[in-house]
Amino acid sequence: MTETAYELAQVNIARLKAPLDSPRLKDFVDNLDPVNADADAADGFVWRLQDEGGDATDIAVFGDSWLIINMSVWRDTGTLTAFMYRGRHREMLARRREWFERVEEAMVALWWVPAGHRPTVAEAESRLLHLRTHGPTPYAFTLRTSFLAGGAEPLTGEVPEGLGCSA
């Protein structure tokens, strides 16, 4: 079996509607550990950004204390999509408007990294800003318009209605 040359990095950020310790976000916070455990055990999962508490809720992004970040690395778009749109994660994704502001700009970006590379928050911010400025490119793309690792031909993906990113 040959080693994978590339892995898929993903970042998504969200603007909180209330502080994490508020009653409004209790269900979200209570499900962080179970959803993260599901991700850790999912087929194709490689790595996720986390702090000492086991999640990434205390990691700053864009210098905005109301933004939270989720960043992970997966084998490919298929395994990421399979995790996102099934089980507990799908249930939480369907409720995201309860906890997070609706934002017009891209809040999700994907990009290919060399196998073994672990992206930084600064790298993720750069990819998001690039996507917002230029739209999907091999540098930063979405599930709807993705690119093959090392390729430049866009691929159109199917995302279940109402659950995909707006970009």
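In this predicted model, the elements that cover the buried residues of helix α3 include α1 (26–41), α2 (77–84) and α4 (96–99). Helix α3 itself spans residues 87–94, and its buried residues are H89, M92 and L93. Viewed down the axis of α3, these buried residues fall within an arc of 100°, so they line one face of the helix. An α-helix has 3.6 residues a turn, so residues three or four places apart point the same way. The exposed residues E91 and A94 are carried on the face of α3 turned away from its buried side.

Strand β3 comprises residues 67–74 and includes M71. The relative accessibility of M71 is 1%; because buried means under 20%, M71 counts as buried. Apart from neighbours within four places in sequence, M71 is in contact with Q10, V11, W47, R48, L49, W111, P119, T120, V121 and A124. One of these residues, T120, is 49 residues from M71 in sequence, while the C-alpha atoms of the two are 8.9 Å apart in space.

V121 and A124, both in contact with M71, are also among the buried residues of helix α5, together with E123, E125, R127, L128 and L131. The buried residues of α5 pack against β3, as well as against β1 (6–15) and β4 (108–114). Helix α5 has 14 residues (121–134), which at 1.5 Å a residue should span 20 Å; the C-alpha atoms at its ends are 20 Å apart, in agreement with that value. Just after α5, G135 takes a positive phi of about 75°.

Conventions: Residues numbered from 1 in each chain as written. Predicted model: local features only at pLDDT ≥ 70, side-chain atom pairs only at ≥ 80, totals over all residues. Heavy atoms only, no water. Buried < 20%, exposed > 50% of the residue type's maximum accessible area, 1.4 Å probe, protein only. Helix = DSSP H or I, 4+ residues; strand = E, 2+ residues; numbered from the N terminus. Arc of directions from axis to C-beta. Contact = heavy atoms within 4.5 Å. Expected span 1.5 Å × (residues − 1).
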